Amino acid sequence: MSHSLHRYGPVESLRGDYCIYARAAKGVNRGEGVGDKLRKILAIYTSSGVVNFGSSHGGKSFSNGLEAEEYAKTLDDSYGIIATFDDRESVKKVLTKAGEANTGISIVVSGLIDEVVKVAHECGLKPHTATLSLGIFGHTEKLPEDDVLEMVTMCGHSLVSTGLIKDVIAKVKAGKLSPEDAALIASKPCTCGIFNTSRCAKKFREILERESERAD
Amino acid sequence: MRIREDKCVGCGACIPYCPVSSIVRDGGKAAVDEDECVDCGVCLRADICPAEAIFMPDECFEYPRAIRMQFSDPGVQHPNFKSWGRGTEEAKTNDVTGKFGRGEYGLLLEFGRPGTGTRLSEIEKVTTVIRNMGLDILKDNPLYGLLEEDLSGRFKPEYLNEKILSGILEFRFGEDELEEALGKLIPLLKDLDTVVSVGLVTRFADDASIPVIGKLAKMGLAVRPNAKINVGLGRPLVDR
Ligand code: SF4
Ligand code: SF4
């Protein structure tokens, strides 16, 4: 899962976008008891202002009806869980609690480099490894416009289509969907739950504001 | 994926869901362009068809076609690899595996993402060059298993025309190879008929800086402001 890496958008928008992944390593700490450790981490996520989480194997995310209790039962067969947050304070809460829980499972935070490093320091942690994004290369004429690209790259498996984002934006502009409901519909194909519905709804509100400013 | 023509009522509800725009209108009905479809299952899981006309035909589970869903639907497991999705471990657990030490880099080339998909023939244009450069493609990666065993970097011919939503090539090199590896590979990408999201794994310095960012800038490569950071909570900690 490099799937929370290439999230596109300006710094201001990324300030409200973090994913936290806990993953046990093959041959190191993926043995017995992993399910209990992951359940502990899930409880940390859900008590720290989580926006979304999910299960690609179960085919459902929190934003589309996956309950934490239901998800917790499946974690004995898993080796990692990921969740999405919309502010640095939630990240700080998770890292503080994860440090105290001392599960020994690796934790990876996707977000603005400067912010994540600062938060890690505030929690007494020493960042170990970074996976940097050098951006998108190749036949980039195939990419959609920036507003849409920001939304589609929130599903790292590319399951949220340009067509769906454009469709819900049109419905928001036409007053047929609220930005929040549109964000839920947009998030549905992303079963891992890393689609940030909070950031998406905010983006849709901005698009509406831009529209009404233009109309004025 | 396929749409049953006799059932489809032509409402068009499924069309926007397809990440690679392979559902088309065909005489008042919808139809899947099966050569372009990557069998990701999004249209089916969306559960929006009022006529239950969308289904995955048996042929999609047969090789070589079966690799489409293995690389495109994160809910389908790679059979020989026992992992889901693109299946890379990269730096997620580097604090306990020590896969990448200081002065070592991992390059992740993610073909087809975002939102275009790719034929394996496009990826092969890069794997053959990587092998000619003498770089090792990491084996714990599902794409590796589709390559010919002769280390030529070629895929087995039956897979070449298969289209997947995305696939990641991952390889490792040392400090002295950084400039040559990126200098040769990045220019290749512009001629591909797909997009490639590029990631680079690197260790933090003791002062929490990332020294490679300056080196990349000298090579004309900008780093996005957001990254994936292993915060060092894994135990037992490996710091090599
Ligand atoms: S399976 Fe995926 S690629 Fe194929 S038609 Fe459905 S949404 Fe499109
Ligand atoms: S949603 Fe179903 S009925 Fe409507 S166009 Fe698609 S396949 Fe046909």
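Across the interface of domain 1 and domain 2 of chain A, 13 residue pairs are in polar contact in this predicted model. The side of domain 1 of chain A that touches domain 2 of chain A draws two or more residues from each of several elements. These are helix 1 (11-14), strand 1 (18-23), strand 2 (52-55), strand 3 (60-61) and strand 4 (80-85) of chain A. Strand 2 of chain A gives the most to this side, with 4 residues. By class, the side holds 7 nonpolar, 11 polar and 3 charged residues.

The interface also has 1 salt bridge. R199(A) forms a salt bridge with D17(A), and the closest N and O atoms are 2.9 Å apart.

The domain assignment places domain 1 of chain A at 11-122 and domain 2 of chain A at 140-215. Their centres, taken over C-alpha atoms, are 24 Å apart. In all, 21 residues of domain 1 of chain A contact 15 residues of domain 2 of chain A. The two domains bury about 1300 Å² between them, with 47% of it on carbon and sulfur atoms. S13(A), S63(A) and N64(A) supply 29% of the area that domain 1 of chain A buries against domain 2 of chain A, more than any other three residues.

Chain B supplies residues around both ligands. Around ligand 1 there are 14 residues, and C18(B), C37(B), C40(B), G41(B) and C43(B) come nearest. This shell has 11 nonpolar, 2 polar and 1 charged residues. The residues around ligand 2 include C8(B), C11(B), C14(B) and C49(B). I3(B), P50(B) and I54(B) are also among them. The shell around ligand 2 has 9 nonpolar and 2 polar residues, and no charged ones.

Note on methods. Residues are numbered from 1 along each chain as its sequence is written. Chains are lettered from A and ligands numbered from 1 in the order in which they are written. This is a predicted model: local features need pLDDT of at least 70, side-chain atom pairs count only at pLDDT 80 or more; totals for chains, interfaces and linings use all residues. Side-chain values use heavy atoms; hydrogens and water are left out. A residue is near a molecule or strand if one of its heavy atoms lies within 4 Å of it. Ala, Val, Leu, Ile, Met, Phe, Trp, Tyr, Cys and Pro count as nonpolar, Asp, Glu, Lys and Arg as charged, and the others, Gly among them, as polar. Domain bounds come from an automatic or database domain assignment. Contact means heavy atoms within 4.5 Å. Buried area is the accessible area (1.4 Å probe) that two parts lose on being put together, summed over both. A salt bridge is a side-chain nitrogen of Lys or Arg within 4 Å of a carboxyl oxygen of Asp or Glu. A polar contact is a pair of N or O atoms within 3.5 Å; within protein, one must be able to donate a hydrogen and the other to accept it, and residues adjacent in sequence count only if both atoms are side-chain atoms.
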